[in-house]
Amino acid sequence: MPYLSKQRRSNLLMRLDWPLIILYLLMVAGGWLAICGATYDFTPSHLLEMGGRPMQQLIWISLALVLGGVVLLIDEDLFESGAPYLYIGFILLLIVTAVVAPDIKGSRSWLVMGPIRVQPAEFAKLGTALMLAYWLNRPEFKLTTLRGYLEVFAIILLPMAIIILQSETGSALVFCAFFLALYREGLSGAFLLLASLAVTLFVVALMLADVSWGATDASRLLICSIISVATILYLSSIVRWKPRERRILWIVSIAYFVGMYVSLRWLLIDYSYVALALMSCIILFCFIRALLHYSRSYLLVGIASLGLLAFSLSVEYVYNDILAPHQQMRIAVSLGIEQDPRGAGYNVDQAKIAIGSGGLLGKGFLQGTQTKLKYVPEQDTDFIFCTIGEEQGFAGSVGLLLLFLTMILRIMWRAEQHPSTFGRVYGYCLACVFIFHLMVNVGMVLGLVPVIGIPLPFFSYGGSSLWGFSLMLALFLKIDASGKR
């Protein structure tokens, strides 16, 4: 039966996690007040105008509560058994959106139906989380096998690829949060290491492009050195070196770094070619060992090292020929390569001024100057955090972060208590999505990460974002309540 009986509805109210519901209501109310502050134009009646954003957000909140209530009334078994169908439905919706959606600010990610605009990518996160939970809950599934990795990676990467085709890179990157959720289920730490190395190499390749230390190509030297050191350290963690091999390793390492110091200080030779030769020998060593000992570990390490090298060589092409000019400038400004206070850096600079002007306790509700005079673009959507920082100060900003921390920890704790893999995986997916949104949104407002345009959950203006997060949380409440039954 798709809907609960009267008796089960009564029992459901007792099993719901009310602390989590209270946190949700506090955040939604705080978000509405922040939107009031961000859109206030010194006209009190504007806050209650039907066409104004505060009133519009209030309508979105009311509908979100209704949708959440409907989710709570549906039998939880329907979500688990119907997860594949929901996932396929969202994939088809994403494809339709990429084809028929109009171009809005360079993105084709919004379905426009009269006065209503809906972004399917916000709801695709729900379908992907459900599909991952369903797939990992299958008795025959094993994540630690190559087939298991390929299956779960395909589930995550498919919607990401379609969203990228919509020119909505920020929303696509959010799906990386699902990889974090898989670590609870046994995903190898090697993937996190590879991701960290890829980010490091990307930054090095961009920041040191066309930079020379004497006669040495700085970018090539550091890239080859990082790959070599990472490969040796990882091999040392999975392989027992023989005493002779360990001595050779120490001698080569000391000689390499001494030679680097001498070359950079006194010799006029390009030492980066020495680094390239050493890295090539290490990769070749991995492949030879893999052939001689039929070792999959050596083979995978060699392939990973070669992949990192190929990635490093492709950075310049991707940056110059694939990324849009505004994306290039945002990355360059974030890394300090370029200074563009009137262009790509304007939003972040104004946001930091607004936050800094709030001081310890803030200027008070509706009393901000930077936000009231509209110095900060998108201050009620992607940059809503600067409104909170200006009006509520450092204390209010920390309070907001503590609210999110409490909610995330509560979700993870309740996920651990759930008796099934389905409930645990879904809970961790939800928590990791919140973590990713929080870190990236606050980070881009503070200038710590490039501006990629993702909302702050429950605070940023917008119906799609609010509905998506509310539905995900309501579904978790439902799954959690079913585990207590």
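In which loop is the place of K142? In this predicted model, for which local features need pLDDT of at least 70 and side-chain atom pairs count only at pLDDT 80 or more, while totals for chains, interfaces and linings use all residues, K142 is placed in the loop between α6 (120-136) and α7 (146-165). Residues are numbered from 1 along each chain as its sequence is written, and side-chain values use heavy atoms, with hydrogens and water left out. K142 counts as exposed because its relative accessibility is 58%, the term exposed standing for over 50%, buried for under 20% and partly exposed for values in between, with a 1.4 Å probe and protein chains only. Between K142 and A304 there are 162 residues of separation in sequence and 22 Å in space, C-alpha to C-alpha.

The secondary structure of the chain comprises 19 helices and 4 strands, taken as DSSP runs numbered from the N terminus (helices H or I, at least four residues; strands E, at least two). An automatic or database domain assignment gives domain 1 (17-188 + 343-483) and domain 2 (209-323), and the C-alpha centres of domain 1 and domain 2 are 40 Å apart.

Along its principal axes, the C-alpha trace of the chain spans about 75 × 55 × 45 Å. Of the 485 residues of the chain, 48% count as buried. Among contacts (heavy atoms within 4.5 Å) in the chain between residues at least 6 apart in sequence, 70% join residues at least 24 apart.
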